[in-house]
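Here is a short tour to read alongside the structure. Take a look at the picture first, then follow the topics below.

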Amino acid sequence: MAEIKVVEQIMKANDAWAERNRALLAEKNVLALNLIGSPGSGKTTLLEKTFQAMGQPERFFVMEGDVATSCDAERIGQCGVDVVQITTGNSCHIDAHLIHKAFEGFSLDTCEVLFVENVGNLVCPAEFDIGEHAKITILSTAEGHEKPLKYPLVFEESELVVLTKIDLLPYLDFDLDVFRANVAKVNPKVPIIETSTKTGEGVADWVEWIQNRRSQMA
Amino acid sequence: MHEFSIAQAIAEIIEEKSKEYPGKNLTRIHLRIGRYRAIVKDSLEFGLGVVLENTPAASAAIEIDFVPIAVSCASCGAEEDLEEPFLICPKCGGLDVTVIRGKELEIDLLEFS
């Protein structure tokens with residue numbers, strides 16, 4: 001009988017691709033943000049408003065992860081931003097190798113920020129390092145204030161939480177104070193930006209966060 | 001759903017390691033998985049059953065240790081396991097804590113015979 005003590009990282013193949021992505025992003029001086037949120041949390045709409053607010057679309061690159069269709073990529077493309085649709089088929093997340101392949105054919109020479117819009121899901125995308133600089137959780141008010149407690153890993157791993165659809169608050173039982181307290185329980189250090197793409201509230205704060213995060217890289 | 005991706009990643013490592021033990025079958029797999037990972041034991045075992053079917057590892061016993069989430073506290077220096085994933089020091093209530101365990105996704109041991 002041969003017993004071998006291995007201690008192998010199960011994700012090592014993914015993590016090796018993530019390191020390659022990190023090296024490429026460093027070489028091109030591109031900030032990579034991994035946006036993680038449920039289906040319908042408003043990730044794509046937030047990106048559309050971001051590009052409208054920031055202008056100069058050549059500075060941005062988007063990878064759109066979806067199980068099927070290229071609807072989101074078409075919407076982003078209309079903003080004048082380079083976009084790649086990553087269709088994952090049956091898979092509920094994007095892994096580092098899919099990201100690596102998505103860089104093919106793009107020079108990134110004018111790119112400052114890469115946004116990866118992950119597949120709508122609060123569980124699996126949190127597990128996969130794709131070589132990003134920061135994970136960002138996007139949660140809409142309609143999903144409920146208890147979500148940080150139900151999905152602690154994604155909130156713990158995030159550098160920022162963006163709450164969307166705050167214009168809906170008058171119609172929902174979403175308690176903003178309870179939400180803030182729940183986020184603080186699972187990650188006492190993470191900032192929250194509260195936004196509405198309908199009214200435009202908070203979008204400037206989000207844009208400022210991106211600009212500050214990008215300037216921290218230089 | 002991520003259990004299946006994780007099962008596939010485990011199967012790839014088993015295949016690679018099996019080359020070092022020609023003519024032997026994998027009889028035991030021991031995994032260490034952090035509580036943060038939200039891995040459902042039954043789903044992972046099912047996924048491993050699917051990916052290892054018709055391989056020399058098909059009849060291996062699968063053992064999983066779940067590792068509690070633990071933090072170290074910058075205020076009082078305690079290193080403590082947490083009952084729930086709330087980042088607060090169980091000793092002093094401090095919030096300046098660092099996660100030190102609970103995100104493991106490791107193969108700890110493979111037994112060939």
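Chain A has a radius of gyration of 18 Å, which agrees with the value near 17 Å that a compact globule of 218 residues would have. Keep in mind as you explore that this is a predicted model.

**Overall build of chain A**
- Chain A contains eight helices and eight strands.
- Along the principal axes, the C-alpha atoms of chain A fill a box of roughly 65 × 45 × 35 Å.
- Of the 218 residues in chain A, 45% are buried.
- Among contacts in chain A with a separation of 6 or more, 76% join residues 24 or more positions apart.

**The nonpolar cores**
- The largest nonpolar core has 62 residues, and A:V62, A:L114, A:F115 and A:V116 touch the most other members.
- Strand β2 of chain A (residues 31-37) provides the largest share of this core, with five residues.
- A second, separate core has 18 residues, including B:A9, B:I10, B:L44 and B:L110.
- Leaving out residues up to four places away in sequence, A:V62 touches A:L47, A:I76, A:V81, A:V83, A:F115 and A:E117.

**Where chains A and B meet**
- The contact involves 24 residues from chain A and 27 residues from chain B.
- On the chain A side, β1 (2-9), α6 (152-157) and α7 (176-186) each supply at least two residues.
- The most comes from β1(A), which gives eight residues to this side.
- Sorted by class, the side of chain A that touches chain B has 15 nonpolar, four polar and five charged residues.

Key. Residues are numbered from 1 along each chain as its sequence is written. Chains are lettered from A and ligands numbered from 1 in the order in which they are written. This is a predicted model: local features need pLDDT of at least 70, side-chain atom pairs count only at pLDDT 80 or more; totals for chains, interfaces and linings use all residues. A nonpolar core is a set of buried Ala, Val, Leu, Ile, Met, Phe, Trp, Tyr and Cys residues joined through C-beta atoms within 7 Å. A residue is buried if 20 or more other C-beta atoms lie within 10 Å of its own, exposed if 12 or fewer, and partly exposed in between; C-beta atoms are placed from the backbone. Helices (H or I, at least four residues) and strands (E, at least two) are DSSP runs, numbered from the N terminus. Two residues are in contact if their C-beta atoms, placed from the backbone, lie within 7 Å. The radius of gyration is taken over C-alpha atoms; the globule rule is 2.2 Å times the number of residues to the power 0.38. Ala, Val, Leu, Ile, Met, Phe, Trp, Tyr, Cys and Pro count as nonpolar, Asp, Glu, Lys and Arg as charged, and the others, Gly among them, as polar.
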